[in-house]
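Hello,

Here is the structure I promised to pass on to you. Have a look at it first, and then read my notes below.

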Amino acid sequence: MTLRIGLIGTGNIGTYHIDRITTKLSGAAVTAVFDVASTRAREVADGVGAVAHQQALDVVEDSNVDAVIIASPGELHTAQVLACIGAGKPVLCEKPLATTTQDALKVVEAEAATGKQLVQVGFMRRYDRGYQQIKSTFESGGIGDALLVHAVHRNPTVPETFREFMAITDSVVHEIDTSRWLLGEEIVAVSLRSGKKSPHAPAQDPQMVHFETESGVLVDVESFVNCQYGYDVRCELVGTEGYATLENPMLSAVVSSGARRTVVPAGWRERFDAAYGAELQAWIDSVPTGAYGGASAWDGYAATAVADAGVRALEEGRRVDVDLIAQPSFYARK
Ligand code: NAD
Ligand code: ISE
C-alpha cells in the first residue's frame with residue numbers, strides 16, 4: 001500500500017524530501033502540499049501530481065493524506081505538529097521540534113495523552129552510518145566507559161541575517177541530539193566561550209559550546225558556520241579504553257603531482273544525503289506499525305531545552321543548568 005504524504009513547507013529541505021520520495025524511495029507518494037509561497041507550492045504540487053492547499057491545516061485534514069512531513073520554519077512546527085496529533089496523523093517534523101521548551105513540552109504532553117507515538121523529529125544524523133558505528137562500538141563496550149565527546153560543526157557560510165544564537169538553535173542542535181543519543185543520557189548543563197571573530201561572519205563565529213551530561217561526560221562542540229571551505233562535521237567519542245571517531249565519507253579523490261586531493265562536502269545535502277534517505281525510508285516503512293526508530297518528541301523536547309539553556313548561557317555569559325521535566329513513562333524505551 002502506498003503511504004500518502006502531505007508536506008508543509010516546499011522550501012529547501014521540503015523539496016529535497018519530495019524529490020527523494022518521488023524518485024528514489026519506495027512505498028510513498030506526495031499527495032498534498034502547502035507553502036505560503038503559493039506559486040512555488042503549486043509548481044511543486046504540479047510536478048508530482050499533488051494538490052496545493054490554501055492553508056497548512058488543510059494538508060493535515062486532507063482525507064488523501066495518511067501522514068505529514070513538516071518542513072516549514074522552526075517557529076511554526078509546534079502548531080503544525082499539534083494539529084497532526086489532533087488529527088491522529090503520524091508526522092515527521094524537521095528539526096527543531098519547537099523553538100521554545102514550553103512549546104516542545106506541549107507536543108510531548110499532547111502525544112503522551114493519545115497513548116500512541118505519532119511524532120518523529122528529523123534528526124537525520126541518527127541514520128548516518130558513521131554515527132551508527134560510533135554508537136554500536138560504544139554500546140558493545142569496545143572503548144570502555146564514555147569520558148569525552150569532541151565535535152565540530154562547520155558550515156561554509158550563513159546569510160547576513162545570522163545571529164549568534166542561531167548557531168545553537170539551528171546547527172548545534174544536531175550535536176545536542178547526537179550527544180544524547182550516542183551516550184544514552186541527558187545533558188544537564190551548557191556553557192559557551194567565544195574568542196576571535198572570523199572576518200567572514202556577520203556575528204560572533206566561531207563559538208565553543210560545552211555540555212555536561214548526567215554521568216559527568218564533557219562534550220565540546222566547535223560551532224563555526226562561516227568556515228568558507230566546505231561542510232565539515234566531526235565527532236569523536238573518547239572512552240576509558242579507546243575512542244571511536246567519525247570518518248567523513250570521501251566523495252572522490254584525485255592523485256596527481258605527488259599529492260592526493262579529496263573533496264570536502266559542499267553542504268549538508270552532500271554530507272548527509274544517505275542519512276536523509278535512510279531516515280525517510282525508515283519513517284515511511286514504520287508508519288503502518290507505529291514502531292518509529294528515530295528521534296521522538298521527547299528527544300525533540302530535550303534538544304530544545306538544551307538549546308534554550310545554550311541561548312541563555314550565551315546571553316548571560318555563564319554556565320546554565322538544563323531544566324527537564326521527569327521523562328513520562330510513555331517515552332521510557334527511548
Ligand atoms: P526554507 O526557508 O528553504 O523553507 C521553508 C519554507 O517554509 C519556505 O518555502 C517558506 O515559504 C515556507 N513557509 C513559511 N511560512 C510558512 C507557513 N506559515 N506554512 C507553511 N510553510 C511556510 O527553509 P529550510 O532550509 O527548508 O528549513 C526548513 C526546516 O527544515 C527548518 O526547521 C530547518 O531547521 C530544517 N532543516 C533541517 C535540516 C537537517 O539537516 N535536518 C536541513 C535544512 C533545514
Ligand atoms: C541546517 O538547518 C541543518 O540542519 C544542517 O544539518 C546544519 O548543518 C546546518 O548548520 C543548519 O543550518
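What follows is a short tour of the two ligands and their surroundings.

Please keep in mind that this is a predicted model.

Let's begin with ligand 1. It has 25 residues around it, and the closest are Asn 12, Ile 13, Asp 35, Lys 95 and Tyr 276. Two of these side chains reach oxygen atoms of the ligand: a polar atom of Asp 35 is 2.6 Å from one, and an N or O atom of Tyr 276 is 2.5 Å from one. The protein covers 77% of the 840 Å² of accessible area that ligand 1 has on its own. Helices α1 (12-23), α4 (77-87), α7 (164-183) and α8 (268-286) each give two or more residues to its shell. By type, the shell holds eleven nonpolar, ten polar and four charged residues. Ligand 1 lies between domain 1 (3-125 + 274-296) and domain 2 (126-271 + 303-321), because both give residues to its shell.

Among the residues surrounding ligand 2 are Lys 95, Asp 170, Trp 268 and Tyr 276. Taken alone, ligand 2 exposes 300 Å², of which the protein buries 84%. The largest share of its shell, three residues, comes from α7. Domain 1 and domain 2 each supply at least three residues to this shell.

Happy browsing, and best wishes

Terms used:
Residues are numbered from 1 along each chain as its sequence is written. Chains are lettered from A and ligands numbered from 1 in the order in which they are written. This is a predicted model: local features need pLDDT of at least 70, side-chain atom pairs count only at pLDDT 80 or more; totals for chains, interfaces and linings use all residues. Side-chain values use heavy atoms; hydrogens and water are left out. A residue is near a molecule or strand if one of its heavy atoms lies within 4 Å of it. A polar contact is a pair of N or O atoms within 3.5 Å; within protein, one must be able to donate a hydrogen and the other to accept it, and residues adjacent in sequence count only if both atoms are side-chain atoms. Accessible areas come from the Shrake-Rupley method with a 1.4 Å probe; for residues, only the protein chains shown count as cover. Helices (H or I, at least four residues) and strands (E, at least two) are DSSP runs, numbered from the N terminus. Ala, Val, Leu, Ile, Met, Phe, Trp, Tyr, Cys and Pro count as nonpolar, Asp, Glu, Lys and Arg as charged, and the others, Gly among them, as polar. Domain bounds come from an automatic or database domain assignment.
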